[in-house]
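Hi there,

Here is the structure I promised to pass on to you. Have a look at it first, and then read my notes below with the viewer open.

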Amino acid sequence: MRKCLTYVLCLSVVTLSYSEVQATKNDSYFVIPEGLKIGVGTSSYQVEGGWNASDKGENVWDRLVHSKPWMILDETDGDLAADSYNKYKEDVHWVKRMKFDHYRISLSWARILPTGLSNSVSREGLRYYHNLIDELLANNIEPLVTIYHWDHPQVLEDMGGWTNHMMVKFYLEYANVVFREFGDKVKVFTTLNELQLFCLSGYGIGEIAPGKPLNITGAYLCGHNALKAHAEAYHLYNREYRSKQNGRVGIVSHCASYLPKTPNDTLAAEIAFEFSCGWISHPIYIGDYPKLMKDKVAQFSKDAGFTESQLPVFSPAEIARIKGTSDYFGMNHYTSFLVEQVPDSESNLLLRDSGIKQSYDPSWEITGMDWLNIVPHGFGYMLRKIKAKYNNPPVYVTENGSADNQIMDDHQRIKYHFLYLRELLSAVYRDNCNVQKYTAWSLVDCFEWSTGYAAGFGLLALNMSSPARERIPKLSASWFETVMGTRKLQPPFNSTLQK
Ligand code: NOJ
């Protein structure tokens, strides 16, 4: 790894194609409008470390990495990670230095409630998050707080985790402590991060914690309980806290774009959307699971010999309870896929019941993760789709970013953010999409779940060979500093580092 320790001296070189450069010259939408805030994010297990600090309880990730290390590509763990538990001030310093408006963090459930339940609340755990939030506020950075980002207490998993309907109640107890403790300071809460991912990968395929291969039945059951938990937390906030705290509560959905492989096959794109983003958004914005999804899963279940659909059914009361439970549309978006309808089931678990096959356009540029291609027009497509489908809700892009394999001169990441932000600004100016927040992922290279540290999304690299875990700015850190300093999107080739 070439270390770019001389933050002020690294120069950026362009890698845009001729047409991209032309488009850049013609683009008049480069000013970041008043109503659009730009920030950066991380999550608790991925950066904190301090896995057994003070009275913290064990969570599902602690259990997975310690008991089945081979499930992580490089057999690493989050025991120390970026040591943000001790180095949070340094993280805030960098967020400030890049002049970001907000910092998205998540809370570790087992750090706050060591037993998983609210009978014992950890003073040390609360103190850590109060310190971090206070540090952000003192630096005029807005904290965006995700209550759950995949790291629930192991003791709750021992009772079935998200496949146990009691998890709705357990989650509510936890959310109540969070609102009560932090709601005076935090004005944006996210209940759950990427339900689709933790349900499909955690309980469907079993490749991330808790590592339970329960097939699509487990994934749908997890999703069903998690949606109810989200809705109950939203209602709790309305009932007990909103009038005093005046914040916003929402959920974050995983919304990759699915583009038709052949221009006429818009149905394929629609089916794929409903099985992914729509799985969560339809119950919240329209009511119940999408009809396309219900019909396809019912048919698939019948063909597979089940007596009932593997997609659980909401009662009318539950449908009404979930509908409308979001003050903003939280969206993580990284990339796009091509889709087509096929007769045979697909190996991708999410799309297996849908009769959809996904692939990549060979012309798309690949990044440090094999699933992550650079497809900026897919981002604009998704923003316009959300506007059209859900009546132009306020959109918070809670994650967007590119992966590298320990590259300090990360021209590709700069290019990625430039092209995606340019697409976003067009969607705002030209198409009137109501995008209010954009969050680059991530502040620092961190524990990338089953990939370990083999790929990083950070604007800052981490010195993994030193226990001090020094942060080292990549070139993209200085590009963002320039963008935020001018509040204007800067073409990559003009990006020289600013002191
Ligand atoms: C989404 C997840 O929320 C985040 O934790 C992860 O690092 C990114 N995807 C990149 O894979």
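Strand S5 and strand S7 (residues 329-332) run parallel and are joined by 4 bridges. Helices (H or I, at least four residues) and strands (E, at least two) are DSSP runs, numbered from the N terminus, and two strands pair if DSSP finds at least two bridges between them. S5 (residues 248-254) is mostly covered, with 6 of its 7 residues buried. Buried means under 20% relative accessible area, exposed over 50%, and partly exposed in between (1.4 Å probe, protein chains only).

Before you go on, please keep in mind that this is a predicted model: local features need pLDDT of at least 70, side-chain atom pairs count only at pLDDT 80 or more, and totals for chains, interfaces and linings use all residues. Residues are numbered from 1 along each chain as its sequence is written, and side-chain values use heavy atoms, with hydrogens and water left out.

Next, a sheet. Three strands make an open sheet in the order S6-S8-S9, with mixed pairing. Its edge strands, S6 (257-260) and S9 (356-359), each pair on one side only. S8 (residues 336-341) and S9 run antiparallel and share 4 bridges, and Val339 stands opposite Gln358 in S9. Helix H11 packs on the sheet and touches S6, S8 and S9, where contact means heavy atoms within 4.5 Å. The direction of H11 makes about 115 degrees with that of S8. Helix H16 (residues 376-389) lies across S6 and S8, at about 100 degrees to S6. For these angles, axes are lines fitted to C-alpha atoms, for helices over the stretch in contact, and angles run from 0 to 180 degrees between N-to-C directions.

Which residues of helix H13 are buried? They are Met293, Val297 and Ser301. These residues cover an arc of only 55 degrees around the axis, which puts them on the same side of H13; the arc is that of the directions from the helix axis to the C-beta atoms. An α-helix has 3.6 residues a turn, so residues three or four places apart point the same way. The face turned away from the buried side of H13 carries the exposed residues Lys291, Lys302 and Asp303. Among the elements covering the buried residues of H13 are helix H10 (215-245), helix H11 (266-275) and helix H12 (277-285).

Now for the core. The largest nonpolar core has 152 residues, and Trp61, Trp162 and Tyr171 touch the most other members. Such a core is a set of buried Ala, Val, Leu, Ile, Met, Phe, Trp, Tyr and Cys residues joined through side-chain atoms within 4.5 Å. H10 gives the largest share of this core, 13 residues. Among the residues that Trp61 touches are Tyr45, Trp150 and Ala209.

Most residues other than glycine have a negative phi, and most peptide bonds are trans. The bond from Ala209 to Pro210 is cis, with omega near 5 degrees. Glu194 is not a glycine, yet has a positive phi of about 45 degrees; this residue counts as buried, at 6% relative accessibility. Asn432 has a positive phi near 55 degrees, but is exposed, with a relative accessible area of 52%.

Enjoy exploring!
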